[in-house]
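Please have the sequence and the coordinates open while reading.

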Amino acid sequence: MTRQLYLLAGCWCLMFRMLSWNVRGINDLRKRDVLKRFLRDWKCDLICFQETKLEDILLSVIRSLWGQHFVGFVFLKAAGASGGILVMWDKNTFNLVSSS
């Protein structure tokens, strides 16, 4: 897939697809399957899931959700039964510069 650059107000802009979604938990395998199908249909470059309600996440789950190996991600664990953020991106489109 090729990305298009556009000149806008004197700077080059990269066009990409971004999704931000309050998933209200992704522990349920049925919900994960729905997310997987949705992500494959939309072919997003950058995804942010809020309220994952996960205290930990495995790389295998990340790759399963994303559908390929060229995925970068950062994860903020949930506090008890609330919170949790998962950001995933296409490593062919974005590079992580800093994370803390």
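Predicted model: local features only at pLDDT ≥ 70, side-chain atom pairs only at ≥ 80, totals over all residues.

Which residues do ring pairs link into a cluster? The cluster consists of Trp21, Phe38, Trp42 and Phe49.

## Overall layout

The chain contains two helices and six strands. Read from the N terminus, the order of the elements is β-β-β-α-β-α-β-β.

Of the 100 residues, 29% count as buried. Among contacts in the chain with a separation of 6 or more, 55% are between residues 24 or more positions apart.

## Aromatic cluster

A pair of aromatic rings is described by the distance of the centres and the angle of the planes. The model has four aromatic pairs. One of them joins tryptophan 21 to phenylalanine 38, with 5.1 Å from centre to centre and 65° between the planes. This pair is edge-to-face, because its angle lies over the 60 degrees required for that class. The two residues belong to distant parts of the chain: tryptophan 21 is in strand β3 (residues 18–22) and phenylalanine 38 is in helix α1 (residues 29–42), 17 residues apart. Tryptophan 21 is partly exposed, at 28% relative accessibility, and phenylalanine 38 is also partly exposed, at 28%.

Tryptophan 21 forms another edge-to-face pair, with phenylalanine 49; here the centres are 6.2 Å apart and the planes make an angle of 70°. Phenylalanine 49 lies in strand β4 (residues 46–50) and tryptophan 21 in β3, so this pair ties together parts that are 28 residues apart in sequence. Is phenylalanine 49 buried or exposed? Its relative accessible area is 0%, so phenylalanine 49 counts as buried, the limit being under 20%.

## Packing of the two helices

Two packed helices are described by the angle between their axes and the distance between the axes. The axes of α1 and helix α2 (residues 59–66) come within 8 Å and cross at roughly 50°. This angle makes α1 oblique to α2, because it falls between the roughly parallel class, under 35 degrees, and the roughly perpendicular class, 65 to 115.

Which residues of α1 and α2 meet? On the α1 side they are Arg32, Leu35, Lys36, Leu39 and Arg40, and on the α2 side they are Val61, Ser64 and Leu65. By residue class, the contact of α1 with α2 has four nonpolar, one polar and three charged residues.

## Positive phi angles

Most residues other than glycine have a negative phi, and most peptide bonds are trans. Arginine 24 is not a glycine, yet its phi is positive, at about 55°. The residue is in the loop between β3 and α1. With 63% relative accessibility, arginine 24 counts as exposed.

Lysine 53 also is not a glycine and has a positive phi, of about 60°. Lysine 53 sits in the loop between β4 and α2. Its relative accessibility of 32% puts lysine 53 in the partly exposed class.

## Salt bridges

How many salt bridges does the structure hold? There are three salt bridges. Aspartate 28 pairs with arginine 30, and their closest N and O atoms are 3.4 Å apart. Aspartate 28 is partly exposed, with a relative accessible area of 35%, whereas arginine 30 is exposed, at 63%.

Within helix α1, lysine 36 forms a salt bridge with aspartate 33, and the closest N and O atoms are 3.5 Å apart. The two residues are separated by about one helical turn because they are three residues apart in the helix. Aspartate 33 is partly exposed, with a relative accessible area of 33%. Lysine 36 is also among the α1 residues that meet α2.

The side chains of glutamate 51 and lysine 53 form another salt bridge, with an N to O distance of 3.8 Å. Glutamate 51 is partly exposed, at 27% relative accessibility, and lysine 53 is partly exposed as well, at 32%.

Terms used:
Residues numbered from 1 in each chain as written. Heavy atoms only, no water. Phe/Tyr/Trp six-rings, centres within 6.5 Å; stacked < 30°, edge-to-face > 60°. Helix = DSSP H or I, 4+ residues; strand = E, 2+ residues; numbered from the N terminus. Buried < 20%, exposed > 50% of the residue type's maximum accessible area, 1.4 Å probe, protein only. Axes fitted to C-alpha atoms, helices over the stretch in contact; angles between N-to-C directions. Parallel < 35°, antiparallel > 145°, perpendicular 65-115°, else oblique. Contact = heavy atoms within 4.5 Å. Nonpolar A, V, L, I, M, F, W, Y, C, P; charged D, E, K, R; others polar. Salt bridge = Lys/Arg side-chain N within 4 Å of Asp/Glu carboxyl O.
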